[in-house]
Amino acid sequence: VVVAGIGFGLTAPFTALLVVGLGARPEWAAYVVASMGLSLLLVDFLGTRYVPRLDSRIALTVSMLVFGIGSLLSAVTTDWVVVGLARVLQGFGGALFMGGGVQAAVRLARAHQRGGAIGSFNAAWFAGIATGPLGGGLVVALRPGVNLLGALAAWVFAPRLRSAARPRLGLPRGLGVRGARAWASLVLSGIGQALRSGLAMTIIPLLGEELGMAWVPLGVALFALAITDVAVMHYGARFTDRRGRFVPLALALAWGLLATVALTAVAGLVGFGLGALAAGVVVGATWVIPAAMTVDLAPDPEAGLAAYRIASDVGMLAGGLLAGVGIAVGGLHGALWGTTGLLVVALVLLFTVGETRRPVLVSEVVVPLPDLDGFAAIAAAQDITLAPDRIAQAHATYTGYHPDLMRLRALPLPYTEPVTEPATASAWIANGGRS
């Protein structure tokens, strides 16, 4: 996944700047960044019951190859329109990677660790993408080769995981989106992707160029954004599995408001770098926490992730389009103020969703510790005949292990979907060893 991120990210943070450098206006750069959303939406919409059910090894390998072809087009063209078409092609590869890869990560995780699985997958991916800013966009010609290496790594190392259901193309159905909370979580997912597309990949790079930053310091600033982005995705998602999702996301959105307002006032390189560093927090949090919320509220993880992917694709497309409109109407600062309004909307929606983390049920069944006579009676009832000294020895051993046995009975069992998971070992034992 890290190698895939390197292949995806060698020039991704500089796409907007590349388009402007090839002669387009800044608002058109925003539209090119968003154009990937077209192919993402097409694949995720028509492939809701196809991509998530593919063998994960095949999905990841093919995604690398398709993305590499798009990278080759970007490397050889001098026309910004071709860059836009290549980005649409890259979107097909990205859709296979994100759809198949996240599903594989969730299938490998326990039910109460899905938020961490989503966060770790995206963090590993964006750890690779974070190398792009350090490369300064000068290694675009190497990117097809990196994608080929990623395809080889996926074929050799990726686990072969597939759904029990047969993959089929067609319109989505039965995604399990029911109620205002579920729909609000999907809108939050879309806003998170809009922030990445519009703020992190369009407005901030163009703002750095407007401030007169050279490629190297701009790359360092964007790398700082990527560092906080990746850290929040990895550690923040795991934290929300333990402590809940509402408060961390609310704090991240409030922090994003402060960071965006600060970016409207920066006039120097240091201030821009600190603003980009701060913006990475909200970009990372709004990528993974709404995804975990959607899975929490969905009756089936596969359906929940499919709905999340469609919402994210709409958000990516809308984020770039809104950024372009904002730049055309009010310049980069007007687009930043529009981003603050989007963050306020996200905060309001978050209160509609509320806390979604499902508590890990722990059995409160306590088996009383029998005395020596009671222990002997239990042994006799099971036709176990022991000498008195052996009964006493067995009782002493059982007494010593009793606290550990009680803790063991309360452990969640490590079943994964689609097996119906009993809450605890005690529930499984009481049910005669059946799930």
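## A glutamate and its neighbours

Leaving aside residues up to four places away in sequence, Glu-27 touches Gly-324, Ile-327 and Ala-328. Keep in mind that this is a predicted model.

So where does Glu-27 sit? Its place is in helix H3. Glu-27 has 14% relative accessibility, and because buried means under 20%, Glu-27 counts as buried.

## The helix it belongs to

Helix H3 takes in residues 26-46, which is 21 residues. At 1.5 Å a residue, H3 should span 30 Å, and its end C-alpha atoms are 32 Å apart, so the two agree. There's also a kink in H3 of about 30°, centred on Val-33.

Which residues make the nonpolar surface patch? They are Leu-42, Phe-45, Leu-46 and Phe-92, and the patch comes to about 310 Å². H3 gives the largest share of the patch, with 3 residues.

Take Leu-42, which lies in helix H3 too. With 43% relative accessibility, Leu-42 counts as partly exposed, because that class runs between the 20% and 50% cut-offs.

## Stepping back to the whole chain

Now for the wider view. The protein chain has 16 helices and 0 strands. Of its 435 residues, 53% are buried.

The contacts say something about the fold as well: among those between residues at least 6 apart in sequence, 84% join residues at least 24 apart.

Key. Residues numbered from 1 in each chain as written. Predicted model: local features only at pLDDT ≥ 70, side-chain atom pairs only at ≥ 80, totals over all residues. Heavy atoms only, no water. Helix = DSSP H or I, 4+ residues; strand = E, 2+ residues; numbered from the N terminus. Expected span 1.5 Å × (residues − 1). Bend = angle between axes of the 7 residues up to and from the residue. Buried < 20%, exposed > 50% of the residue type's maximum accessible area, 1.4 Å probe, protein only. Contact = heavy atoms within 4.5 Å. Patch = residues over 30% accessible without salt bridge, like charges linked within 9 Å, V, L, I, M, F, W, Y side chains within 5 Å. Areas by Shrake-Rupley, 256 points an atom, 1.4 Å probe, with all protein chains shown as cover. Salt bridge = Lys/Arg side-chain N within 4 Å of Asp/Glu carboxyl O.
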